[in-house]
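Notebook open, viewer running. I'll jot down what I look up as I go.

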Amino acid sequence: MKTLKNIPKIFLSFLVASFLMWFLINLSKEYKTEVVFDLDYEKLPQEKVFREIPINQIRLLIKGNGFKLFSNNLFSKKIKLSIDKYKRKKRKYYLLTDEQSSEIQNQLKSGLELLDVLDDTIHLDLGTFRTKKVPVKFTNTIKFKLGYGLSGVKIKPDSVVISGPQDEIDAINNLTTNSLELEDVSEDVNIKVDLNISESFKNIKLSDKNVEAQIFIDKYTEGTFELPIKIINMPLKLDLKVYPKKVTVIYKVGLKNYSKITEDSFEVVCDYQSSLDKGLTYLVPYFKKKSNLVSSVRISPQKIDFLIQK
């Protein structure tokens, strides 16, 4: 068997030349073929927003010689469609691509002729664009050193502007921060925290993706007050004796706010009618008023005995 080395070079040259001649002859012929182009969308009306991105490719039937078709496959550019030419039927939006045939033809390479747009209808999921300002709520999982606690939090900015489809905008009344996890905290902390937004609101854009949180820490101390009990919802003619007549309010407060807490910071009441309705033989004290500067607030005792005098 002859090897490749034994084949005359002149024969190989003739074979290559013949192939090139055949290839060039075929490239010079005209063909009709289906070509797939990537899509770009432009001229989205200002009051509209995509809820879902539409198809990103379109099939065209085009005619041209082999040279043009071959170069088009190598250096194909994207076809642009104008969204502002959308149609609407009830709540559904769509584009009729035939109506943009001339624009598509102008985007094809010279020598290529558009015969047909095979994807004649492109469905669009559009929403009405809206903006709204919503407050930011701080969430945290902070573990403090023994005797320390949270004195306050300042968020900057304390609200952000959200934008997107109206139905998604209407469903959002506030945004929360990602839960901040800190341990063994005993000093003030300044930190940036990302905002948390559900994946179901994928079309929503935020004016700020994070906020600065100033977390104020204070050493806590325990305080107590003895307060008289007020009885509410009791018949005027009823003579009610209670024991004890006072309760002890125990609370924790930061040293910075300790002097701000007085007896007037709390009001303890018992609802006689509520105990009657529940069939209780005692009264249950609860706070009608308490300062928002305190934490771990409790009342002792939790049951107040009473005696009706006739």
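For contacts I take heavy atoms within 4.5 Å. With neighbours within four places in sequence left aside, I get leucine 61 in contact with Thr33, Glu34, Glu113, Leu114, Leu115, Asp116 and Leu118. Before going on, the ground rules: this is a predicted model, where local features need pLDDT of at least 70 and side-chain atom pairs count only at pLDDT 80 or more, while totals for chains, interfaces and linings use all residues. Residues are numbered from 1 along each chain as its sequence is written, and side-chain values use heavy atoms, with hydrogens and water left out.

**Confidence**

I checked pLDDT, the predictor's confidence in each residue from 0 to 100. The protein chain has a mean of 86, and 86% of its residues reach 70 or more. Helix α1 (residues 9-27) has the lowest confidence, at a mean of 54, and strand β20 (residues 266-271) the highest, at 96. Where pLDDT is low, the predicted coordinates should not be read in detail.

**Overall make-up**

I count helices and strands as DSSP runs numbered from the N terminus (H or I, at least four residues, for helices; E, at least two, for strands). The protein chain has 5 helices and 24 strands. Of contacts with a separation of 6 or more, 73% join residues 24 or more positions apart.

**Back to leucine 61**

Leucine 61 lies in strand β3 (residues 57-65). For the chain, 31% of the 310 residues are buried.

**Cores**

A nonpolar core here is a set of buried Ala, Val, Leu, Ile, Met, Phe, Trp, Tyr and Cys residues joined through side-chain atoms within 4.5 Å. The largest has 21 residues, and Val160, Ile162, Leu175, Leu182 and Ile215 have the most contacts inside it. Strands supplying at least two residues each to this core include β8 (121-137) and β11 (159-165). The top contributor is β16, with 4 residues. I also found a second, separate core of 20 residues, with Leu60, Ile79, Leu108 and Leu126 among them.

**Rings**

I pair rings of Phe, Tyr and Trp (its six-membered ring) if their centres lie within 6.5 Å; planes under 30 degrees apart are stacked, over 60 edge-to-face and the rest tilted. That gives 7 aromatic pairs. Tyrosine 41 and phenylalanine 50 are edge-to-face, 6.2 Å centre to centre with 65° between the planes. Why is the pair of tyrosine 86 and tyrosine 93 edge-to-face? Because their planes stand at 75°, with the ring centres 5.3 Å apart. Tyrosine 86 is partly exposed at 23%, whereas tyrosine 93 is buried at 7%. Phe225, Tyr251, Phe266 and Phe287 form one aromatic cluster.

**Around tyrosine 282**

A charge sits over a ring if NZ of Lys or CZ of Arg is within 6 Å of the ring centre and within 35 degrees of the ring normal. Lysine 303 lies over the face of tyrosine 282, 4.7 Å from the ring centre. The bridge partner of tyrosine 282 in β24 is aspartate 305.

Notes. Buried < 20%, exposed > 50% of the residue type's maximum accessible area, 1.4 Å probe, protein only. Pairing = 2+ DSSP bridges.
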